[in-house]
Amino acid sequence: MLYMSAPLATSAVNTNRTKVVGVGLTLKSSINREVLGLSPEAAKDWQRKTEAEFHLWADHKQSCDAIGMNNFDALQQLALVSWLMSGDVFPIFKRYKPMPTCPYSLRIHMVEADRISTPNRMGGRNGFISITDGENPENGNRIFDGVEVNGDGMVVAYHVCNSYPWQIIREPQEWTRVEAYGPRTGLPNILHVMNSERCGQYRGVTYLAQVIEPLLQLRRYTESELMAALVQSFFTAWIITKTDQNGLPINETGMGDIAGVPTANPGGDNISNSSNEYKQGPGTVLHLAEGEDVKFGNPNIPSTGFDVFVKTFCKLIGAGLGIPYDVLIKEYNSSYSSARAALLDAWEDFRMRRKWFVDDFCQPTYEVWLAEAVARGRVKAPGFFGDPLIRAAWCGARWIGPVQGSLDPLKEAKAAVLQIQHALKTHEQVTRETGGGDWDENVEQLTAENAKLAAAGGGGIRMEVDPNEKDDEGKGGGENA
């Protein structure tokens, strides 16, 4: 409800979606060539071919989505938003018949958190009483809100309902037990994207849990201020006079037809000729009787403290969500240093959440896909199914996504150059942080481009950092960097 009706809640979830995933995290194969005994050239050749095979599966919605609605990039966005709103989300791996355009059978079916629940016959919801704990009568395993665990507390299966809670459907309500891992392959059958906050926690908590009450109260306060302003704007003027207490306190300028009987004015203008009624209009001059006065309303809504109050609430909500106020409401009116500090602080949270998301969704999906690609012979990976260490070496990957924004690209570029010159960072680190690309690929591309420029009679551009150069704040290049 808050995501659909409270702008701050929408901003918090969508900001995470944009910064953590963006248009989609891109696979960058990064195998351990030392373990595999490959040369750098052979490793790069294998990585390029494997990435091309993965994109053959991931870039087409009918190839990777079980319902054919999203490609893998869009599935990442869907999974992240569902995780933040509901607390967790469950991608299920299914196998469909390969198509001429895609030789792989793997499909992903995204399941909402509400559909993972304890079956009724195992102690779940009974009538209008919702019970989350249960027991599997076939093996004695405990079930916590649809998550089945063995005697050691290890998750062994999930129970997926064919309907949502309180949904009325034609077919009988049923649950399907999905084992967490395949008994023969050891590969996951279902993923659980969530963030554990307590020991022994088997279900996730919505991202907005800590700020539900402040968000709701802020929404109510904003709505009440808006309604007060609308109501007060209706009262344009009051006629102050001494009237009979038995009469109507407020008279009407148009009474209409009462019970089918026309008013005193048969002309059809529906305006009473009573001397106790007044009508406003452009250029109208009215003579008030003795003892009468006109008082106009002076709307003072929203109150003068409305902006300060709302901003204070936004800061508290942003602190609870790990998003600074500037980033949460997209307002960068402070100084350069303050705005940059807000972005840096927010990116610590985004980077952490991206790592969780990659570990829970992207990397496991890639490993399941790679196992099928090797089994079908489309990707050559000797020893993949024979040694877990060799398999882990083949499965190495990095997931590249949106990079941190830049308020002053020139200053930050100069800082990056100085960090490289003093060995504080490598070219690869700076390339990944500033553009999300690959430094080796950039060098290869620049080599080809420079060769073309030289053949055309052109030349490259080199930027030198002068440590004595002054910036806008009067600081030297070295200090500014």
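Helix H4 (residues 40-58) provides four residues to the lining of the largest cavity, the largest share of that lining; helices here are DSSP runs of H or I with at least four residues, strands are runs of E with at least two, and both are numbered from the N terminus. The structure is a predicted model, in which local features need pLDDT of at least 70 and side-chain atom pairs count only at pLDDT 80 or more, while totals for chains, interfaces and linings use all residues. Residues are numbered from 1 along each chain as its sequence is written, and side-chain values use heavy atoms, with hydrogens and water left out.

**Cavity**

- A cavity is a set of points, on a 1 Å grid over the protein atoms alone, where a 1.4 Å probe fits but cannot get out, and its lining residues have an atom within 4 Å of a point.
- Grid points are joined across faces, edges and corners, and a volume is the space filled by probe spheres set on the points; the count comes to one cavity of 30 Å³ or more, and the largest cavity has a volume of about 60 Å³.
- Its lining consists of Lys28, Lys44, Gln47, Arg48, Glu51 and Glu441, which divide into five charged residues, one polar and no nonpolar (Asp, Glu, Lys and Arg count as charged; Ala, Val, Leu, Ile, Met, Phe, Trp, Tyr, Cys and Pro as nonpolar; the others, Gly among them, as polar).

**Nonpolar cores**

- A nonpolar core is a set of buried Ala, Val, Leu, Ile, Met, Phe, Trp, Tyr and Cys residues joined through side-chain atoms within 4.5 Å, where buried means under 20% relative accessible area with a 1.4 Å probe and protein chains only.
- The largest such core has 74 residues, and those with the most contacts inside it are Trp57, Phe357, Phe361 and Trp369; helix H10 (residues 336-375) gives the most to this core, with 16 residues.
- A second, separate core of 13 residues includes Phe90, Val111, Ala113 and Ile116.
- Leaving aside neighbours within four places in sequence, Phe357 is in contact (heavy atoms within 4.5 Å) with Val21, Leu25, Gln76, Ala79, Leu80, Trp83, Val193 and Cys362.

**Sheet**

- Three strands form an open antiparallel sheet in the order E3-E2-E9, and the edge strands E3 and E9 each pair on one side only; two strands pair if DSSP finds at least two bridges between them.
- Strand E2 (residues 88-95) is mostly covered, with six of its eight residues buried.
- Six bridges join E2 to the antiparallel strand E3 (residues 106-111), where Arg107 is the bridge partner of Lys94.
- E2 also pairs in the antiparallel sense with E9 (residues 193-194) over two bridges, with Val89 opposite Val193 and Asp88 opposite Met194.

How values were computed. 1 Å grid on protein atoms, 1.4 Å probe; cavity = no way out; pocket = protein on both sides within 12 Å on 5 of 7 lines; lining within 4 Å. Buried < 20%, exposed > 50% of the residue type's maximum accessible area, 1.4 Å probe, protein only.
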